[in-house]
Each structure stands twice: as structure tokens, then as C-alpha cells.
Amino acid sequence: MTPHSLCVSLAASACMAATPASAASFQVSSPDMASGTVAMTQFANMPAMGCAGGNVSPQVVWRDAPAGTQSLLVTMYDPDAPTGSGWWHWAVANIPASNTELVSGAGNDATKLPAGALQVNTDAGRPGYGGPCPPVGQTHRYVITVVALKVAKLDLPPFATPAMMNFMSMPHRLGQATLVATGGR
């Protein structure tokens, strides 16, 4: 059975793992979260919610993207948020494949993003980074995912959300790398 015929018979997520373009060595890291925890600098600055962090997006670094990668997506998601559907803290599309990182603060200052990159609306209802602010006494997981795409650009509408961005990326995925950090207060 060829990889193509295998992909036709499997769901999209299983197909990603079965195709030769999926690079097992694709990795993501964050020097700002090297200890495996979200630094106070990355926490939200929302005094009404009891958070007094710096709300600075973390540096996200990736390497060994799959062959054929033309663009990338980066997201930061909290599956433990008490919403019933998690919380999207950050979502960036159309990152050119020639880039290997988003610098610290890129989610707060669009001039720090790679040319052509597009931040989409998060669960806060606006584009850009919105730091964590878990309820007191809870530790949450923050999942940073970098997705390699075989297209140079996703044509996203202005009202796109991370869920829509991820859905529209499905037929174009070559692989992904994920980092999980924890944070609590």
C-alpha cells in the first residue's frame, strides 16, 4: 500500500503520522520555559483576576521541520482552562519556512513577527498573546504547538479563530512538534 492510498483510507491526523514527509526529528523548545514551567513574565497582567505578570509572549524555537515545509503555525493552548473548551492564548499563521523562531515579545509587538506572519483572534477576542491566569490553587498545562504546512499561506478570513485556523490547515499538514509547560498560582 502506498502512503497516498494509506492516507486516503485514514483520518487526517493518522495520515500525518503515516506519510514520509512527517519528520520524527521536528522539535520545538522555549528558552523562556526551559524549566518546564511558565515564567511570571509570561503570565497575564490582569489585576482584576489577581494576575500581575508581564504578559510577554515566550520565545518559541523549532528545528528540523519536515521536508517540503513552506509555512508554519504556532499556537499556545490551555486544555485545563475552566471553560469547557480550554483557552487559546496565542495563534500565529503564515510564518515563512525560512524562520526558526518567534522571539520573546513577538505576540505583543507585531514588528517582532516574521514578515507575512498573521496573528489570529484568541479566546480573548483579539489577535496577539494573552498570558495565562489560572485560578488560584490550580496548575494548568500550556501546550505550544508548531505545525509545518506544505502551503506558503493559509487564506484566513479576518475573523479567524485558532479553531478555524487549525481546521483550515488540516489538508496541508506535514507534521507538528509540541511542548508542554505548566503554570499555576
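Two residues are said to be in contact here when heavy atoms of each lie within 4.5 Å. The model is a predicted one, in which local features need pLDDT of at least 70 and side-chain atom pairs count only at pLDDT 80 or more, while totals for chains, interfaces and linings use all residues. Residues are numbered from 1 along each chain as its sequence is written, and side-chain values use heavy atoms, with hydrogens and water left out.

Asparagine 166 sits in helix H3, residues 162-169; helices (H or I, at least four residues) and strands (E, at least two) are DSSP runs numbered from the N terminus. Asparagine 166 is buried, its relative accessible area being 16%; buried means under 20%, exposed over 50% and partly exposed in between, with a 1.4 Å probe and protein chains only. Its side chain also makes a polar contact of 2.7 Å with the side chain of arginine 173. Such a contact is a pair of N or O atoms within 3.5 Å; within protein, one must be able to donate a hydrogen and the other to accept it, and residues adjacent in sequence count only if both atoms are side-chain atoms.

Stepping back, the chain holds 3 helices and 10 strands, arranged along the sequence as α-α-β-β-β-β-β-β-β-β-β-α-β. Of its 185 residues, 43% are buried. Among contacts between residues at least 6 apart in sequence, 71% join residues at least 24 apart.

How many aromatic pairs does a search of the whole structure find? There are 2, where rings of Phe, Tyr and Trp (its six-membered ring) pair if their centres lie within 6.5 Å, and planes under 30 degrees apart count as stacked, over 60 as edge-to-face and the rest as tilted. Tyrosine 77 and tryptophan 88 form a tilted pair, 4.4 Å centre to centre with 40° between the planes. Tyrosine 77 belongs to strand S5 (residues 71-78) and tryptophan 88 to strand S6 (residues 87-96), so this pair ties together parts 11 residues apart in sequence. Tryptophan 88 is buried, at 17% relative accessible area. The rings of tryptophan 90 and tyrosine 129 have centres 5.7 Å apart and planes at 85°, so they make an edge-to-face pair. This pair links distant parts of the chain, 39 residues apart: tryptophan 90 is in strand S6, and tyrosine 129 is in the loop between strand S8 (118-119) and strand S9 (139-149). Tryptophan 90 is buried at 1%, and tyrosine 129 is likewise buried at 1%.

A nonpolar core is a set of buried Ala, Val, Leu, Ile, Met, Phe, Trp, Tyr and Cys residues joined through side-chain atoms within 4.5 Å. The largest has 26 residues, of which Val60, Trp62, Val74, Ile95, Leu102, Ile144 and Val146 touch the most other members. Strand S4 (60-63), S5, S6, S9 and strand S10 (173-184) each give two or more residues to this core. Leaving aside neighbours within four places in sequence, isoleucine 144 is in contact with residues including Val28, Met33, Pro58 and Leu179. A second, separate core of 11 residues includes Ala91, Val120, Val151 and Leu154.

Glycine 116 is exposed, with a relative accessible area of 58%, and lies in the loop between strand S7 (101-102) and S8. Beyond its neighbours within four places in sequence, glycine 116 contacts Ala93 and Asn94.
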